[in-house]
Structure formats: structure tokens, C-alpha cells
Amino acid sequence: MSKDRMDVRRKAEAKPFFLAALALPFALASGGVANAADSCEFFKGKTVEMVVPFSAGGGFDTYGRMVAKFMGDQLGAANMIVRNQPGAGGLLATNQTWATKPDGLTIQLIAISGMVAAELGGADGVLFKTNEFSWIGRISGEPDVITTAPDGGIKTGEDVRAIAAERKVRVGSTGLGSPQYIGSQLLAMFMDDGRVITGFSGSQEVYTSLQRGELDLFVSSLSAAEAAEKAETGRVLWIFGTEGLPERPNVPPLSSAVDAKFERLIQVQADITSAGRALAGPPGMDKDRLQCLRDAFDRTMASDELKAEAKMLNRPIEPLAGSQLAALIGGAMSEPPPEYLKVLRSSFNK
């Protein structure tokens with residue numbers, strides 16, 4: 001065979017291989033698209049259950065029902081129903097969701113700060129690992145703030161330190177193990193070993209005591225603090241964080257008022273608090289099926305219908321995508337400061 005004919009033959013034999021090599025990435029990509037589509041098709045005609053770990057009628061329940069009302073349609077499911085499962089401050093439902101089959105048909109609205117505190121604090125009965133849930137997305141995540149009496153003399157960190165030089169700074173709080181209790185414990189630490197006073201039935205009772213001058217400071221959610229300002233029972237002093245808020249430009253972050261050595265503690269607590277109320281499925285969910293849930297959630301939160309519902313119900317939303325939420329939780333739980341763990345464990349009598 002001549003050299004020219006051999007070269008032609010080699011090229012002819014190489015051509016199918018070259019075309020196959022070009023086709024391989026396309027086939028793989030097409031398979032990925034098909035897998036994702038199949039995963040979303042799975043929800044057609046099915047009922048998805050959203051577990052709410054608290055009783056019906058409260059704020060948490062309102063958020064769950066508001067999202068379920070619209071997310072089922074976005075997912076293409078026949079229904080998305082809410083099932084209330086109160087007990088043990090949310091641990092009962094969260095433990096059961098953790099052990100549920102990760103098929104995407106059971107998801108849960110989770111109070112992340114409470115579950116992180118319970119896990120890291122060694123609370124009895126915790127069977128889950130918070131950062132291993134299949135995170136779908138955050139619905140809301142307002143920051144905590146520090147408030148004082150509306151007409152009191154505390155304006156700056158120096159004012160608090162002047163009080164600390166004469167007596168214990170009195171920090172009010174609700175029940176043991178609650179996110180606000182943990183924030184109060186940290187605040188007391190920052191304020192020259194202040195004293196946390198508990199026994200209040202709720203935030204309104206704490207604010208009444210603050211107004212009467214029986215307390216110096218109180219850690220609560222921003223919305224609760226703003227309601228107290230309208231009722232003239234409290235005044236926002238600091239944001240519990242290392243940065244201020246655009247909507248409250250005259251309120252400085254707590255990190256500006258305390259020793260710089262506490263900045264890491266402040267940031268960890270702020271990150272965990274900001275994770276807020278979020279949707280998650282059991283661990284180990286198929287990544288394509290999880291992406292279907294995440295996409296449906298994102299479309300739901302961006303819809304005009306949900307925004308109008310949230311405004312009507314006076315339930316602010318601050319959505320965060322599932323991948324970002326997972327990163328936030330993972331970062332906050334990665335090697336938390338020993339002092340932080342000590343506060344958490346003391347909160348659960350460990």
C-alpha cells in the first residue's frame with residue numbers, strides 16, 4: 001500500500017473517534033439535564049409535607065403556611081401541606097425529619113439558631129447534625145439587637161462600664177436555652193461579667209421591666225425591639241453584630257462598644273441568628289432533586305404573590321439561597337470559639 005493511501009486510511013479511521021470524543025461531553029451534559037428534569041418530574045402529582053415544629057397559629061406557623069401556599073405550585077406538586085409537630089422546643093420534629101427518607105416529600109421549617117445552640121450546647125435528645133441537613137433556603141433572618149430603657153441614661157459602652165464599676169449590669173432574658181438567652185449570656189460576658197435575670201414569660205414582660213428601670217439591657221429580635229420602641233418600652237442601643245444595618249444607620253454594631261477580643265464571639269452569634277427560619281430536607285438527598293426544591297423555593301420567594309401575602313400578614317422576608325445558607329451554617333459551626341461553646345453548654349446545664 002502506498003504511503004498516501006495509508007495516510008488517507010488513518011484519517012478515515014480517526015474521524016469517527018474524533019467525532020465520538022466531541023459527542024461525549026454533549027452526551028454527559030444532556031444526561032445531566034435529563035437527570036435534573038427527571039428529578040423535578042418526580043414531584044408531579046405528589047403531596048409534599050412541610051413540618052412546622054411548633055403549634056398552629058404562631059408566627060412560625062404563619063411563615064410555613066405562607067410559603068407552602070405558593071411553593072407547591074412552583075414545584076409542580078399536587079399539594080404542599082403543613083403538619084404541625086410541636087414538642088421539646090422543636091427537637092422532636094427536627095429529630096424525626098433527620099431520620100426521614102430523603103426523597104424530597106418531607107421538608108421542615110427549622111429555627112436554625114435554636115437547633116445549632118441545642119447541638120453545640122449538648123442538649124439532651126439531639127440526634128441530628130445541623131450542617132448536614134439538605135438546606136433549601138432561608139425565608140427570614142432578622143438580626144438581634146440590644147435595647148435599653150427608652151428614657152434611661154445608657155447611651156454608650158462607657159455608660160455601661162460606669163454601671164459595671166458600681167454593680168452588676170442587669171441583662172433581662174427569656175427561658176434557658178433560647179437564642180435570646182444565649183445572646184444575653186454573651187452580652188453579660190462582654191459587660192464585665194454582668195448578671196442575666198430570667199423568669200420572664202416573654203419579650204413584652206422583659207420590656208415592661210426594662211421600662212421600669214429594673215433591668216439595664218435586653219437582647220431581642222429587631223422586630224420585637226421596634227415594636228417596643230413604638231410602645232415606648234424600649235430603645236435600640238446596638239445591633240448584635242460587627243456591622244450596622246442600612247435601615248438603622250444611627251445604631252452602631254455591638255462590636256464598636258466592647259473589647260475587640262469579643263469580635264469573633266459576636267460574629268458567630270450574629271451569623272447563627274441571621275440563618276433564621278429556613279427550609280430543609282433530611283440529609284443525603286439526591287442533588288438534582290434538592291436543586292428542584294431550591295429552584296422552586298427561589299421562584300416562590302421572588303414571586304409577587306408571596307411578597308403581597310407577606311406584606312398583608314406583616315411577616316418580613318429576607319430570602320437566602322440554599323447553597324449560601326449551607327455555607328453560612330457550615331462557617332458558623334466550623335471551630336466555634338471555646339468561650340462560645342462554654343456559654344452554650346451552660347445554657348443547657350452541661
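Tutor: Let us start with axes, which are lines fitted to C-alpha atoms, for helices over the stretch in contact, with angles that run from 0 to 180 degrees between N-to-C directions. Helices (H or I, at least four residues) and strands (E, at least two) are DSSP runs, numbered from the N terminus. This is a predicted model, in which local features need pLDDT of at least 70 and side-chain atom pairs count only at pLDDT 80 or more, while totals for chains, interfaces and linings use all residues. Residues are numbered from 1 along each chain as its sequence is written, and side-chain values use heavy atoms, with hydrogens and water left out.

Student: At roughly what angle do the axes of helix 9 and helix 12 cross?

Tutor: Two packed helices are described by the angle between their axes and the distance between the axes. Here the axes of helix 9 (residues 263-275) and helix 12 (residues 322-333) cross at roughly 145° and come within 9 Å. Their crossing is left-handed, a word used if the near helix is turned anticlockwise from the far one by less than a right angle, with right-handed used if it is clockwise.

Student: Which residues of helix 9 and helix 12 meet?

Tutor: Contact means heavy atoms within 4.5 Å, and on the helix 9 side R264, V268, D271, I272, S274 and A275 meet L325, L328, I329, G331 and A332 of helix 12. The residues of this contact divide into seven nonpolar, two polar and two charged, where Ala, Val, Leu, Ile, Met, Phe, Trp, Tyr, Cys and Pro count as nonpolar, Asp, Glu, Lys and Arg as charged, and the others, Gly among them, as polar.

Student: How do helix 2 and helix 11 cross?

Tutor: The axes of helix 2 (residues 59-75) and helix 11 (residues 304-313) come within 10 Å and cross at roughly 155°. The two helices are therefore roughly antiparallel to each other, given that angles under 35 degrees count as roughly parallel, over 145 as roughly antiparallel, 65 to 115 as roughly perpendicular and the rest as oblique. The crossing of helix 2 and helix 11 is right-handed.

Student: In what order do the six strands of the open sheet stand?

Tutor: Two strands pair if DSSP finds at least two bridges between them, and here six strands form an open sheet in the order 2-1-3-10-4-11, with mixed pairing. Strand 2 (79-84) and strand 11 each have a single partner strand and stand at the edges, so one side of each is left without a neighbour in the sheet. Strand 10 (residues 277-281) pairs with strand 4 in the antiparallel sense over five bridges, and S134 stands opposite G281. Strand 3 (residues 106-111) also pairs with strand 10 in the antiparallel sense, over four bridges, and A278 is the bridge partner of I110.

Student: Is strand 4 largely enclosed or open, and what of helix 4?

Tutor: Buried means under 20% relative accessible area, exposed over 50% and partly exposed in between (1.4 Å probe, protein chains only). Seven of the seven residues of strand 4 (residues 134-140) are buried, so this strand is largely enclosed by the rest of the structure. Helix 4 (residues 112-120) has eight of its nine residues buried, so it too is largely enclosed by the rest of the structure. Helix 4 lies across strand 3, strand 4 and strand 10, and runs at about 80° to strand 3.
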